[in-house]
Amino acid sequence: MREGARLAQCFLEPVGVFLRRRSAGAGRFLAVGGRGKAARMIDLHTHSKVSDGQYSPAELVQMAKAQGLTAMALTDHDTTGGLAEAMEAARALDFELVTGVEMSAFVGEREIHLLGHFIDPGDTALLGFVRTLRERRIERVRRMIERLNAAGVALTFEEVAGFCEGDSIGRTHLAQALWKRGHIQNFKEAFSRFIGKGRPGFVERTRVSSEEAIALIHGAGGTVTLAHGLAYGVTHEELAQLAAQGLDGLEVAHPDHDADMRRTIARWAEEFDLVPTAGSDFHGERVIPERRLCECGMARAELEALRRRRSGAR
Ligand SMILES: [Zn+2]
Ligand SMILES: [Zn+2]
């Protein structure tokens, strides 16, 4: 693997979370339901370069169509900025795009990711919230740089911003800038020495509660699905809280869920009456090399079950 590719892969490792890396190909096309690969060509979890992926929204849609997917959701981190481009590309190709977003939130002390699907991209409350999040992220990075500078680590905001193509500047970009400056040898070192919790450059992120995120997504007409819950260590009790707060779906098939985890979480989906979903969490092979679009596909019936949970359909 090229050094750059390996480094880029490292940068996308969610912080503080040990993600089991599955060998490429293992478990590919493991379905939530349905029979045969052709029945499971829907991917409800992808990222474009508007957050931290490799491809533009239009390129992603074109790839999905070319690879025979029948529907795809674009779910960039904390931003809806890529949806207009993706929708336009989908219209031109007569492809079904599900509008989406992936929001970071907390249930108690647990950081979780919530996928919003079928959202209205023009919803003013959601747009306002996304704008506020972006401002808070920029502010946080500036404060972290100040702290690093005070600790004798030379780094400027412009250097960090140079690594961020989209809307979601954060610690991954700080780590890249630290690496380029020669302050660190690898991504882990950025966190263990400089920007991890308790390190000299760390600044706590403003927390969004799961209730707040769920209400916003519902308010924008969308459904809320817990992404890669077991990979993030979500407990049965935390899931019960989320279900009581109005969660609609549970991502069962995800590259970081092994067969045991999928069995457990599928059982929980049934117990809490949540729609099981699947997503590849594709970011582009340069970013996370072993993930493929529709690696975890879902069936049409599940997509329609989720669609029926939309706020407007309740
Ligand atoms: Zn996620
Ligand atoms: Zn994701």
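In what order do the strands of the open sheet run? The order is E1-E2-E3-E4-E5-E6-E7, an open sheet of 7 strands with mixed pairing. Strands here are DSSP runs (E) of at least two residues and helices are runs (H or I) of at least four, both numbered from the N terminus; strands pair if DSSP finds at least two bridges between them.

This is a predicted model, where local features need pLDDT of at least 70, side-chain atom pairs count only at pLDDT 80 or more, and totals for chains, interfaces and linings use all residues. Residues are numbered from 1 along each chain as its sequence is written, and chains are lettered from A, with ligands numbered from 1, in the order in which they are written.

- E1 and E7 are the edge strands, so each pairs on one side only.
- E1 pairs with E2 in the parallel sense over 2 bridges, and Asp43 stands opposite Met72 in E2.

**Helix H3**
- Leu83, Ala86, Ala89 and Ala90 are the buried residues of H3 (residues 83-93); buried means 20 or more other C-beta atoms within 10 Å of the residue's own, exposed 12 or fewer, partly exposed in between, with C-beta atoms placed from the backbone.
- Arg91 and Ala92 are exposed on the other side of H3.
- Just after H3, Asp94 takes a positive phi of about 55 degrees.

**Helix H11**
- In H11 (residues 300-307), the buried residues are Glu302, Leu303 and Leu306.
- They sit on the same side of H11 because they cover an arc of only 100 degrees around the axis, taken from the directions from the helix axis to the C-beta atoms.
- Ala301 and Glu304 are exposed on the face turned away from that buried side.
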